[in-house]
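Colleague: I am new to reading models like this one. Could you take me through it feature by feature?

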Amino acid sequence: SILILALSCIFGLLKSKYKLYNSIEDIYEGCTYLVILFYIFNLHSAAWIFSTSVCLTSILNPIFT
């Protein structure tokens, strides 16, 4: 089941590469796929740092713009 989950995340990332326009939801979807892949390959600290940075940028961006 982990292999299927990893393959679906990789295919999801490849899907967004071939789109002409990526909305913010598509970008966050790609970030979610990356965090899931980090957890699959036991890179928990990288997943935590990446997800925290995405969370902070999504919260702080409207404040400073």
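Modeller: Start with axes. An axis is a line fitted to C-alpha atoms, for helices over the stretch in contact, and angles run from 0 to 180 degrees between N-to-C directions. Helices (H or I, at least four residues) and strands (E, at least two) are DSSP runs, numbered from the N terminus. Here the axes of helix 2 and helix 3 (residues 44-64) come within 7 Å and cross at roughly 160°. Angles under 35 degrees count as roughly parallel, over 145 as roughly antiparallel, 65 to 115 as roughly perpendicular and the rest as oblique. Helix 2 is therefore roughly antiparallel to helix 3.

Colleague: Before we go on, what kind of model is this, and how are residues numbered?

Modeller: It is a predicted model: local features need pLDDT of at least 70, side-chain atom pairs count only at pLDDT 80 or more, and totals for chains, interfaces and linings use all residues. Residues are numbered from 1 along each chain as its sequence is written, and side-chain values use heavy atoms, with hydrogens and water left out.

Colleague: How many helices and strands does the chain have?

Modeller: It has 3 helices and 0 strands. Along the sequence the pattern reads α-α-α. The C-alpha trace spans about 40 × 30 × 10 Å along its principal axes.

Colleague: How do I describe two packed helices?

Modeller: Give the angle between their axes and the distance between the axes.

Colleague: Which handedness does the crossing of helix 1 and helix 2 have, left-handed or right-handed?

Modeller: Learn the rule first. A crossing is left-handed if the near helix is turned anticlockwise from the far one by less than a right angle, and right-handed if clockwise. Helix 1 and helix 2 cross in a left-handed way. The crossing of helix 2 and helix 3 is also left-handed.

Colleague: Next, burial. Is C9 buried or exposed?

Modeller: Use the cut-offs. Buried means under 20% relative accessible area, exposed over 50%, partly exposed in between (1.4 Å probe, protein chains only). C9 lies in helix 1. C9 counts as buried because its relative accessibility is 2%. Of the 65 residues of the chain, 22% count as buried. Now take I2, also in helix 1. Its relative accessible area is 55%, so I2 is exposed.

Colleague: Which residues make the nonpolar surface patch?

Modeller: Patches are made of residues with over 30% relative accessible area and no salt bridge: like charges are joined within 9 Å, nonpolar side chains (Val, Leu, Ile, Met, Phe, Trp, Tyr) within 5 Å. Areas come from the Shrake-Rupley method with a 1.4 Å probe; for residues, only the protein chains shown count as cover. Here L3, L7, I10, F11, L14 and Y18 make a patch of about 660 Å². Look at two of its members. F11 is in helix 1 and counts as exposed, at 55%.

Colleague: And salt bridges? How many does the structure hold?

Modeller: A salt bridge is a side-chain nitrogen of Lys or Arg within 4 Å of a carboxyl oxygen of Asp or Glu. The structure holds 1. The side chains of K15 and E29 form it, at 3.5 Å from N to O. This pair links distant parts of the chain: K15 sits in helix 1 and E29 in helix 2, 14 residues apart. K15 is partly exposed, at 45% relative accessible area. E29 is partly exposed too, at 27%.

Colleague: Which residue has a positive phi although it is not a glycine?

Modeller: That is N42, with a phi of about 55°. N42 is in the loop between helix 2 and helix 3. Its relative accessible area is 59%, so N42 is exposed.
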